[in-house]
Amino acid sequence: MALCLMMFFVSCNHKDKNTGLLEYKGKFPDESAENMELIVSDSGVVSFVVRAPMFNTYRTDSTYTDCPEGITAISYTEYGRMQAILTAKYACNINNNMYKASDNVVIVDVIKGDTLETEEIIWDQRKRIIFSKELVKQKKADGSVNYGDGFEADERFSKYTIFHPHGEMVAIDF
C-alpha cells in the first residue's frame, strides 16, 4: 500500500519557461501520464485512492515521480468508509522513505467533519505517519477555529494531534 502511494509523492521540479515541459535537475521526464488514478486495496478492501492530473517519471541515478499539477488522496477505514481527503497543489520526494506535499495542503476528516490546512506535510513511509512542522489551521465541525505549530497523524488521518494548539476551544473537548 505504502509503496503504491510513494509513486505519487515525488521529487522537486520546475517548468522550463521556453517549452512548458517539466524539468528535474536539468532532465526532462522519461514518462508522462495525464489523469492518473491509483486504487490501493488489501484483500479487496480499498485503503486509498490517489489521483493526479499529471504524472511524470524521471530516471536519473534513481527514479523519481512527479505530480506537478497537484494530488488528491482519499483514505478509507478498514470497513470501506471514506475517512479523509487530502489535496495539495504540489508534492515532492525528500528521500526514499520521506515524501512532501506542499502549497495549500488541505485535509478533510470526513467522519469528524474537521478540516486541517497547512502549507506542507511530510509522509514518513516507514513510521506510517504524516506530520507538519508548519503552522496549521484546524476548523472543527462545531465551527471553532484552532491554530497550532504543526501536527502528527496516522497515515489514514483517523487520529491526529495538533502541537501547541491555540484559538477557540470548546470546554467539552477537555
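**Figure 1. Strands E12 and E13 pair in the antiparallel sense.** Strand E12 covers residues 136–139 and strand E13 covers residues 145–148, and four bridges join them. Strands, labelled E and at least two residues long, and helices, labelled H or I and at least four residues long, are DSSP runs numbered from the N terminus. Two strands pair if DSSP finds at least two bridges between them. Lys 139 stands opposite Val 145 in E13. The two strands form a hairpin with five residues between them. In the turn, Gly 143 has a positive phi of about 95°. E13 also pairs with strand E16 (residues 166–167), again in the antiparallel sense, over two bridges. Here Tyr 147 stands opposite His 166 in E16. The model is predicted: local features need pLDDT of at least 70, side-chain atom pairs count only at pLDDT 80 or more, and totals for chains, interfaces and linings use all residues. Residues are numbered from 1 along each chain as its sequence is written, and side-chain values use heavy atoms, with hydrogens and water left out.

**Figure 2. The whole protein has one helix and 16 strands.** Of its 174 residues, 45% count as buried. Buried means under 20% relative accessible area, exposed means over 50%, and partly exposed lies in between, with a 1.4 Å probe and protein chains only. The protein exposes about 9,600 Å², and carbon and sulfur atoms supply 51% of this area. Accessible areas come from the Shrake-Rupley method with a 1.4 Å probe; for residues, only the protein chains shown count as cover. Among contacts between residues at least 6 apart in sequence, 42% join residues at least 24 apart. A contact means heavy atoms within 4.5 Å. The average pLDDT, which is the predictor's confidence in each residue from 0 to 100, is 82, and 80% of the residues score at least 70. Over residues 1–19 the pLDDT is below 50, although this stretch has 71 contacts in the model beyond near neighbours in sequence. Where pLDDT is low, the predicted coordinates should not be read in detail.

**Figure 3. The largest nonpolar core has 23 residues.** A nonpolar core is a set of buried Ala, Val, Leu, Ile, Met, Phe, Trp, Tyr and Cys residues joined through side-chain atoms within 4.5 Å. The residues with the most contacts inside this core are Ile 107, Leu 116, Ile 130, Phe 151 and Phe 157. Strands that each supply at least two of the core residues include E3 (31–42), E4 (45–59), E9 (98–109) and E10 (114–124). The largest share, four residues, comes from E9. Leaving aside neighbours within four places in sequence, the residues in contact with Ile 130 include Ile 107, Ile 122, Trp 123, Phe 151 and Phe 157. In soluble globular proteins, nonpolar side chains tend to be buried together.

**Figure 4. Three aromatic pairs are counted.** Rings of Phe, Tyr and Trp (its six-membered ring) pair if their centres lie within 6.5 Å; planes under 30 degrees apart count as stacked, over 60 as edge-to-face and the rest as tilted. The ring centres of Tyr 99 and Trp 123 are 5.4 Å apart and the planes lie at 35°, so this pair is tilted. Tyr 99 in strand E9 and Trp 123 in strand E10 are 24 residues apart, and their pair links distant parts of the chain. Both Tyr 99 and Trp 123 are buried. Phe 157 and Tyr 160 form a stacked pair, with 4.5 Å from centre to centre and 10° between the planes. Tyr 160 counts as buried because its relative accessibility is 18%. Phe 151, Phe 157 and Tyr 160 form one aromatic cluster.

**Figure 5. Phe 157 lies in the loop between E14 and E15.** With a relative accessible area of 3%, Phe 157 is buried. Its phi is near 60°, a positive value in a residue other than glycine. Most residues other than glycine have a negative phi, and most peptide bonds are trans. Asp 103, in strand E9, also has a positive phi, about 70°, although it is not a glycine. Asp 103 is partly exposed because its relative accessible area is 38%.

**Figure 6. Thr 77 is found in the loop between E6 and E7.** At 11% relative accessibility, Thr 77 counts as buried. Not counting residues up to four places away in sequence, Thr 77 touches Val 46, Gln 83, Ile 111 and Arg 156. The C-alpha atoms of Thr 77 and Phe 157 are separated by 9.8 Å, and the two residues are 80 residues apart along the chain.
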